[in-house]
Amino acid sequence: MHAETHSHDAHHHEEPGFWQKCIFSTDHKVVGIQYAVTALMFLFAGFSLMLMMRWQLAHPGQPIPFVGKILSHFLGEDMASKEGVMSPDLYNSFGAMHGTIMVFLAIVPLLTGAFGNYVMPLQIGAPDMAFPRLNMMSYMSYFFGGVVMLASFFVPGGAAKSGWTSYSPLATVNDMAHHPNGQTFWLIGMVFLITSSLLGSVNIITTIIQLRAKGLTWMRLPFFVWAQFVTAFLLLLAFPPLEAAGCLQLMDNSFGTSFFLPSGLVISGQKLHVAGGGSPLLWQHLFWFLAHPEVYVLILPAMGIVAEVIANNTRKPLWGYRSLVYASMVLGFLSFVVWAHHMFLTGMGVHIATFFQTTTMMISIPSVIILTALLISLWGGSIRFNTPMLFAVGFLPMFGIGGLTGLPLGFNASDIQLHDSYYVIGHFHYVVAPGTIFAIFAGIYYWYPKATGRMMNEYWGRIHFALSFLFMNLIFMPMFIQGLAGMSRRMYDGGLHYAEQAGVPGLSPFVLSLNKVISYAAFSLAVAQLPFIINFIWSIYYGKKVTSDNPWDATTLEWQTPTPPGHGNFDKEIEVFRGPYEYSVPNHARNFLPQNDPDKAHTPTHEHPVHG
Amino acid sequence: MNIPYTVDRREDTGLYNAKLGVWLFLASEVMLFGALFSSYILLRFGADVGTWPRHWLDYKLGAVNTIILIVSSVTNVIAWANLKLGSFSKYRAYQVLTMVCALTFLGIKSTEYYGKFHHFTIICKDGRIADGHIQKAETTADKVVIDGRWAPDMASIMDPPAKFEEQKIEIERKEIVEMHNYGPSRNNFTGLYFTLTGLHVLHIIGGIIVIFAIWGPLNGMWKTDPARYTNRVEVAGLFWSFVDMVWLFIFPTFYLL
Amino acid sequence: MNNPSNEEDSKAVKKHVQQHVMIAVGLALGTIMTVWTSQTNFGSFALNVTITLGIAAAQAFMVAAFFMHLLSEKKLIYCFLIFTAIFFVVMMGITLWSRMPENIIHYKQYVP
């Protein structure tokens, strides 16, 4: 039942119809759920692309079971043969779109659009976001961008196939015969996605600055809110250069300019008929200027979610709250000056390489501070190993592995061997897949009862965790071995071209056999998500109903609303008296003290919270 | 449900929500146009000697456009000031001026664009180079007629003289090796010119739409919530002044240097 | 501060308007000056660029400070803009630095 907030406005709202309530709603909770559902579907789509690619890698040249013929029917026989064998072009398309969909259509919208939108205003005691209509438009722009991206598969020539990084000149020259081609759609889609993100960031920053409840000072904010705040700044300032680069590449793609095409380019023996004089490196600089802060966008909100779940399930305050806050700000700032570590092999001089190597090493410091603070937070805690906590704790070593494997990539010298190899794939997937995605699962299991009023099934949640944990590691750990052996990424035959032959060194049969291990682990991971999908949908109708508005006995403000929160969120005036993690306060009856509980006996009389 | 600080200012920040929002948005726009300007610098200084043109744009038209935008920016601010004084009719009058200036800017811009698309450089088989504006009426399938000049060499095309004797030139199409207009694909200078000014034009159009919408269809709010209406005008004005600022950099960069 | 009913507020706003018109005239003159400086040779091309863009920057500052009344805003806005300016300079600066000739390795040098 929705609790109606009685406003003292002159006009009373009538119950809105379906379109107003579900499709064109400006309520941040509805927008948040729209983002969540859409992004989860894109997550599934991106994952499916990868499953088909993994089949090709495990069984190169073999028809894909079940879907091979469907692909051939819908995408044409130059993409997939009549029997259902994936062509190299289709593999490359799937690869480029897997990256694009996962990063821009699934993870970022989940972290900022879904969790940011739904949870953050509740956690700061606000009735909604600062700009509710802008919020709705952000979602619409995202949705439309996603449609354009998916439509690109059906354009002549197929979807973009030059990697999610879309390096020129390949991105411009690929499918040049078709106008518009998949790359055109990719670029147009990106413009809509970037617009959505920019508007969303403006909204998030303004909301956090302006709409905090009374008494909610900066250092009393839950770490989740800090993470969203820094992330929004990263998106606000880093996305526009990519938008600029996208405009320039769109001009190259559709209007014959040559911003990124050097003079004298020859394609298949033919001189390219363009003015030339462009710089492929310019694209790389502009792209990575966004894409590096982008990866911190992928991890910071995840750390925020993990922090909330850990604090709640250890029944003690987070260790080093201030360190967490300052580290996330430093991380955000430094993320803008490390980008060219993705470009170590472009022929840059020693001084530049040293500069970026140094800043890259420096950025590991705040990263480690955050991880360590979360880890130490477990010490001495009264830990409840429910499903959100399992995912949150699982996140820690996985992010640790991801981060540590990044170090050899950050050093110029070792990067020479590892750049563009499977090692890189292993590294970044560890951070995002068993890293961020685990945090997202933790967040879903954790906040599900607030949004729906029911708990997800705990038994199947644990199975989901155990199987996902196992298979994620089976998928990505072998990739380090393959990368160190020299296996390149983006090869549709899984490295067969470079297999060891009599007298010719190459990839060993063992390294190539790992392709099968990884692929079958990926298929198993897919199966392991079924309990989650079923659980998610089933629990909406049949999950165990919560008996209180605060089933996890949490301290933060989102648990002080009715369940699910109504229009305007809070049915009482909110004033905050203490920090966000007052658990196990001494001499107190309960082992948690909500932020807005006036309880004078345990309210700090000075600005600094008692703990952390 | 009421969202706080929509009209009133929050004490510790001194801002109402939309003002903070628009400044954040403008910060992102600085990064957008900044990235394009830094691309310009990189491409210009990476270009081989003799491949970067100069004096391809009419600086007089550009200067007029600059002044027109400055005027529109000040009429916009005066319109807002009048609104704060309570004078709705003066606000409406000044905003009409703002919109007229903006449309004039667009008009001049479109003549410039038209000129560029109809200005051709023709390289003949015998090595001669002709350069001028195409005369559509007289051009046929066999011959191209332009109003322009014979250029002595490519250097003269890359840095044309300020004044020259215009003559009518007829060239048989079968004599033509290459014929290219001064559109975006001509070289990186025109590419950047069209991209940057094109993006700027899109912002001008967006600005006109917003200013008009607030001035026209949405002006009922002046009666029901004048403070909030004034804030909207202010926020739109901030965006408009920013668009003016961007042009203040585009003009010298492309037209003068 | 809307619909002021007293004389003083009106006068203050009118003075503001006068100030804005003066600044607009100044900006127009600045434009004419940039055209003039660009036609004049100050010695090196770098100096020409510096002076012309310097005038443009001054004009931009005037627009920001007065038309966008940045000078009368509270600190918060300045801070965001300074951050933005820093990032922008960083992006431009490092990118350009990396393209300077001494920072680019031409592998032809290393032919054994």
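Two residues are in contact when heavy atoms of theirs lie within 4.5 Å. With that cut-off, the contact between two of the chains can be described, in what is a predicted model. Chain C gives 47 residues to the contact, and chain B gives 52 residues.

The size of an interface is often given as the accessible area lost when the parts come together. For chain C and chain B this buried area is about 4200 Å², and carbon and sulfur atoms give 81% of that area. The elements of chain C that give two or more residues to the side touching chain B are helix H1 (7-39), helix H2 (45-67) and helix H3 (75-98). H1(C) makes the largest share of this side, with 14 residues. Sorted by kind, the residues on the side of chain C that touches chain B are 30 nonpolar, 14 polar and 3 charged. What does the rule find in the way of salt bridges across the interface of chain C and chain B? It finds 0. For polar contacts across the interface of chain C and chain B, the rule finds 2 residue pairs, both at pLDDT 80 or more.

Chain C also touches chain A. Here the contact takes 18 residues from chain A and 16 residues from chain C. The area buried between chain A and chain C is about 1700 Å², with carbon and sulfur atoms giving 83%. The count of salt bridges between chain A and chain C is 0. On the chain A side, helix H8 (223-255), helix H9 (280-314) and H11 each supply at least two residues. H11(A) gives the most to this side, with 4 residues. By kind, the side of chain A that touches chain C has 14 nonpolar residues, 4 polar residues and no charged residues.

The rest of this account stays mainly with chain A. Which helix gives the most to the nonpolar patch of chain A? Helix H17 (residues 530-542) does, with 8 residues.

Salt bridges come next. Over all chains, the structure holds 14 of them. One pair joined in this way is A:Glu458 and A:Arg462, whose side chains meet at 3.1 Å, N to O. Both residues lie in helix H15 (residues 458-484) of chain A, where they are 4 residues apart, about one turn of the helix.

A:His342 shows a polar contact within chain A. A:His342 sits in the loop between helix H10 (321-334) and helix H11 (350-376) of chain A. The side chains of A:His342 and A:His292 are joined by a polar contact of 3.1 Å. Apart from neighbours within four places in sequence, A:His342 is in contact with A:Tyr167, A:Trp288, A:His292 and A:His419.

Some points concern the backbone. Most residues other than glycine have a negative phi, and most peptide bonds are trans. Against that background, A:Ser168 and A:Pro169 are joined by a cis peptide bond, with omega about 0 degrees. A:Pro169 is in the loop between helix H5 (132-151) and helix H6 (170-173) of chain A. A cis peptide bond also joins A:His179 and A:Pro180, with omega about -5 degrees. A:Pro180 is in the loop between H6 and helix H7 (182-210) of chain A. For phi, the residue to look at is A:Ser268, where the value is positive, near 50 degrees, in a residue other than glycine. A:Ser268 lies in the loop between strand E1 (266-267) and strand E2 (270-271) of chain A.

The loop between H6 and H7 of chain A also holds A:Asn174. Leaving aside neighbours within four places in sequence, A:Asn174 touches A:Lys161, A:Ser162 and A:Asn181. Between A:Asn174 and A:Ala245, which are 71 residues apart along the chain, the C-alpha atoms are separated by 18 Å.

Definitions and conventions:
Residues are numbered from 1 along each chain as its sequence is written. Chains are lettered from A and ligands numbered from 1 in the order in which they are written. This is a predicted model: local features need pLDDT of at least 70, side-chain atom pairs count only at pLDDT 80 or more; totals for chains, interfaces and linings use all residues. Side-chain values use heavy atoms; hydrogens and water are left out. Buried area is the accessible area (1.4 Å probe) that two parts lose on being put together, summed over both. A salt bridge is a side-chain nitrogen of Lys or Arg within 4 Å of a carboxyl oxygen of Asp or Glu. A polar contact is a pair of N or O atoms within 3.5 Å; within protein, one must be able to donate a hydrogen and the other to accept it, and residues adjacent in sequence count only if both atoms are side-chain atoms. Ala, Val, Leu, Ile, Met, Phe, Trp, Tyr, Cys and Pro count as nonpolar, Asp, Glu, Lys and Arg as charged, and the others, Gly among them, as polar.
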